Amino acid sequence: MAIRELSSQLINQIAAGEVVERPASVVKELLENSLDAGARRIELDIEQGGIKLCRVRDDGVGISADELNIALQRHATSKIAALEDLEHIGSLGFRGEALPSIASVSRLRLVSRHREADSGWSVETVGGKTAPVAPAAHPLGTSVEVRDLFFNTPARRRFLKTERTEFGHIQSVAEKIALSRFSTALRFNHNQRVVLDLPVAENIADQEKRVARICGDAFMEHALYIERSAGDLQLRGWVARPTFSRSQPDLQYFFLNGRAIRDKVVTHAVRTAFRDVLFHGRHPAFVLYLEMDPAGVDVNAHPAKQEVRFRDSRAIHDFIRRTLETALARTRAGSVDATPPISLAPAAAVAQHQSALSLGHSSSLSSSRVGESLAAYGALAGITDSRIDMADSANDSEMPPLGWAVAHLHGAYILAQNREGLVIVDAHAAHERVTYERLKSSAKAGGIQSQPLLVPVQVLVSETEADLAEANPAVFERFGMAVDRAGPERLVVREIPVLLRDADPEALLRDLLSDIKDAGSTQRIEQEIDDVLATVACHGSVRANRRLTLDEMNALLRDMEMTERSDQCNHGRPTWTVLSLQELDRLFARGR
Ligand code: ADP
Ligand code: MG
């Protein structure tokens with residue numbers, strides 16, 4: 001076959017292969033264009049999973065009549081003009097290939113009235129063939145209508161899934177866009193039925209409503225709001241307490257300067273922050289927004305622009321990790337902003353949330369009702385009521401968040417009375433966390449002690465790895481390791497941390513090296529040491545069936561109140577819950 005230049009239609013169709021995978025990709029590109037145009041309100045209508053129709057209408061700046069055709073041309077964009085612009089992208093789009101690519105595989109109609117024009121204009125293309133621009137009625141803003149996607153590329157059309165599946169993909173795109181920009185209202189209809197109708201959300205309360213609408217009420221009930229800045233980095237958003245974890249990484253939203261991204265550095269930083277508080281194999285849930293100088297990140301790394309490259313990935317990693325670790329340290333049993341970790345039922349969870357928030361303020365509950373309800377519960381549990389009286393006599397103002405212990409139930413659970421009602425604590429789980437946190441902080445305070453190996457261990461590595469180790473001696477020292485280079489492709493481990501004296505030095509070194517390579521930072525030894533400490537803590541903790549005295553129980557409750565992350569044990573299980581008086585009343589059908 002002779003070499004020839006491809007037609008522009010074919011070039012666009014090839015580009016569509018990357019940019020337009022399915023109707024959801026059309027929706028993503030159109031919604032992003034509307035956001036870039038400064039829309040305050042967007043309407044998205046789709047029919048038959050977007051295969052028949054995807055239409056996006058916005059009230060953004062609009063496109064003037066003489067630019068309508070240009071917008072449909074390849075590599076035509078209003079968002080960048082020079083290389084410098086590419087180095088600090090502030091818009092979602094910039095490649096100028098979405099509209100021509102979509103137009104080449106569909107019937108597309110673009111109607112717009114520019115901010116400064118008195119009337120609207122439209123242009124239509126069928127499979128990339130464009131008819132002349134014609135006048136059309138349209139309010140300020142732009143509508144893009146995409147019909148019969150892939151009608152002229154039957155092979156690609158066959159790859160589409162059922163209407164339901166395609167709709168699901170569009171829904172997640174719309175939800176992601178809605179989370180990315182609280183200042184824009186979004187209404188989304190599928191086959192004329194409303195799927196989402198989200199007003200502008202300027203304040204945090206309204207933003208939380210939007211997040212709850214998309215991520216579920218349970219997420220929001222368990223969410224911690226975080227906000228932190230350092231230098232030009234700012235991270236805000238919501239992370240779910242570790243006791244609300246997921247079996248899949250499906251509730252994880254990360255926005256960088258308003259763009260939803262998937263990124264290895266970010267994922268690793270989040271996982272590291274959660275490692276200490278999550279069940280093995282569970283995934284954290286979060287909606288996070290990172291704002292930074294656009295010059296510090298390259299967004300031109302992927303045609304659909306979901307992947308990015310950070311210039312200083314190490315700093316980003318540490319900032320995200322530290323911010324989340326600090327937030328998670330707040331999951332301290334009984335702290336004012338803590339929700340008790342177990343949900344009894346959705347309605348109960350809301351009541352718990354509200355009552356937990358009022359902790360620390362004066363309680364309107366009368367102590368006689370506290371006594372009555374507890375008496376009821378105590379009788380079931382075989383508790384003598386004298387103990388309850390003892391707890392009851394505690395002055396309200398001196399009542400600590402987790403209250404005073406009243407009984408040790410079946411050698412496993414501590415029952416305590418606080419202002420809200422009945423606190424139930426898993427004594428072993430709670431003690432394990434308290435011991436573990438103590439061990440960790442003393443390990444930190446004293447630094448990580450190292451110990452020389454009797455016989456230094458030789459490890460064969462690649463030359464790059466040897467260079468890496470040689471260039472980063474401080475990283476190793478910080479964790480109590482001494483590693484020397486012994487040849488172009490050979491390293492020697494001379495010292496390892498005392499706490500890891502039984503670990504395999506070679507495996508440890510290899511893991512460390514791959515951590516440094518991968519994430520630009522390492523938590524490996526910290527993590528190994530934490531694992532050892534967790535095991536030690538577990539062995540040193542209260543065993544089930546050992547009888548605890550009231551003093552011992554109260555001491556544990558006070559320790560829990562002072563210990564970071566004490567809402568959950570070392571394996572991510574909750575350590576305590578509370579049955580409020582309202583819940584107890586409901587159990588006994590009181591007040592009906
Ligand atoms: P890009 O977004 O990368 O610039 P597109 O092909 O998506 O490329 O769009 C081409 C151009 O058309 C944009 O740069 C913009 O000027 C214009 N445009 C597209 N959609 C809209 C819209 N909804 N409102 C205003 N202008 C738009
Ligand atoms: Mg675009």
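**Sheet and cores in a predicted model**

User: Which way do strands S19 and S23 pair, and over how many bridges?
Analyst: In this predicted model, strand S19 (residues 421-426) pairs with S23 in the antiparallel sense, over five bridges.

User: What is the bridge partner of Gly-421 in S23?
Analyst: Ser-580 is the partner of Gly-421 there.

User: What order do the strands of the open sheet come in?
Analyst: The order is S17-S18-S19-S23, four strands with antiparallel pairing.

User: Which strands stand at the edges?
Analyst: Strand S17 (404-409) and strand S23 (576-580) do. Each has a single partner strand, so one side of each is left without a neighbour in the sheet.

User: How many degrees does the twist average from one strand to the next?
Analyst: The average is 25 degrees.

User: Now helices. Which strands does H15 lie across?
Analyst: Helix H15 (residues 427-445) lies across S17, strand S18 (413-417) and S19, and runs at about 70 degrees to S19.

User: And which strands does H20 touch?
Analyst: Helix H20 (residues 550-562) packs on the sheet and touches S17, S18, S19 and S23. The direction of H20 makes about 115 degrees with that of S17.

User: New topic. Which residues touch the most other members in the largest nonpolar core?
Analyst: Phe-219 and Val-287 do, in a core of 63 residues. Helix H7 (residues 163-180) gives the most to this core, seven residues.

User: What is Val-287 in contact with, leaving aside neighbours within four places in sequence?
Analyst: Among its contacts are Leu-179, Val-211, Cys-215, Phe-219, Trp-238 and Phe-255.

User: How many residues are in the second core?
Analyst: That separate core has 31 residues, including Leu-235, Leu-290, Ile-320 and Leu-328.

Conventions
Residues are numbered from 1 along each chain as its sequence is written. Chains are lettered from A and ligands numbered from 1 in the order in which they are written. This is a predicted model: local features need pLDDT of at least 70, side-chain atom pairs count only at pLDDT 80 or more; totals for chains, interfaces and linings use all residues. Side-chain values use heavy atoms; hydrogens and water are left out. A nonpolar core is a set of buried Ala, Val, Leu, Ile, Met, Phe, Trp, Tyr and Cys residues joined through side-chain atoms within 4.5 Å. Buried means under 20% relative accessible area, exposed over 50%, partly exposed in between (1.4 Å probe, protein chains only). Helices (H or I, at least four residues) and strands (E, at least two) are DSSP runs, numbered from the N terminus. Contact means heavy atoms within 4.5 Å. Two strands pair if DSSP finds at least two bridges between them. Axes are lines fitted to C-alpha atoms, for helices over the stretch in contact, and angles run from 0 to 180 degrees between N-to-C directions.
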